[in-house]
Amino acid sequence: MCRSHQNMPMGKYVNLKCGSCGYSFTHGYTPGYVSVLGVSKKQCPSCFTLNDTSSLPYSKFTSFDRIYFWFGRIIRIVIRGPLYGSLLGYGVTILFDSQNGVFIFSGAIIGLFANIILNYFSIKDEISRIEREDLTACKPHISDKDHIYTSKD
Ligand SMILES: [Zn+2]
């Protein structure tokens, strides 16, 4: 599968195309990024070619992939939670015409924990959904280590 990244003013855009016919899985450039977590193969709805993606389901991750995956996710959880929480706290501060930062501070703490809980479940869901999708996308094959050797006496 061909993927092209393009930096546009509003952030990162990605375009996933079929390697055979050029069909765009993302319908042109869409905001986003290619995650390490994803189905390993995707069938083109236009020409039915099975495209390899650069992603893998979680069960096929190497230890490096796991570290990379969790590091990226945790960074985003830890930054975004308190950010949105403190913004909410700031709103409450204005609403109550409060002079101290207690709402902003507690908003940041609540935001952090709420985001950890929400993401824990959404990442778990994402992992199992991709695991199932990958099983249906990949035709069953026997790898070398799965061969059953029978000895003849
Ligand atoms: Zn195609």
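Helices (H or I, at least four residues) and strands (E, at least two) are DSSP runs, numbered from the N terminus. On that basis the protein chain has two helices and five strands, which run β-β-β-β-β-α-α from the N terminus on. This is a predicted model, in which local features need pLDDT of at least 70 and side-chain atom pairs count only at pLDDT 80 or more, while totals for chains, interfaces and linings use all residues. Residues are numbered from 1 along each chain as its sequence is written.

**Burial and contacts**
- Of the 153 residues of the protein chain, 12% count as buried, a residue being buried if 20 or more other C-beta atoms, placed from the backbone, lie within 10 Å of its own.
- Among contacts (C-beta atoms, placed from the backbone, within 7 Å) between residues at least 6 apart in sequence, 43% join residues at least 24 apart.

**Helix 2**
- Helix 2, residues 102–137, has 36 residues and reaches 51 Å from its first C-alpha to its last, close to the 52 Å expected at 1.5 Å a residue, where the expected span is 1.5 Å times one less than the number of residues.
- The buried residues in helix 2 are F103, G107, A108, G111, L112, N115, I130 and D134, and what covers them includes helix 1 (63–95).

**Helix 1 against helix 2**
- The axes of helix 1 and helix 2, lines fitted to C-alpha atoms over the stretch in contact, with angles from 0 to 180 degrees between N-to-C directions, come within 6 Å and cross at roughly 140°.
- That angle makes helix 1 oblique to helix 2, since angles under 35 degrees count as roughly parallel, over 145 as roughly antiparallel, 65 to 115 as roughly perpendicular and the rest as oblique.

How values were computed: Two residues are in contact if their C-beta atoms, placed from the backbone, lie within 7 Å.
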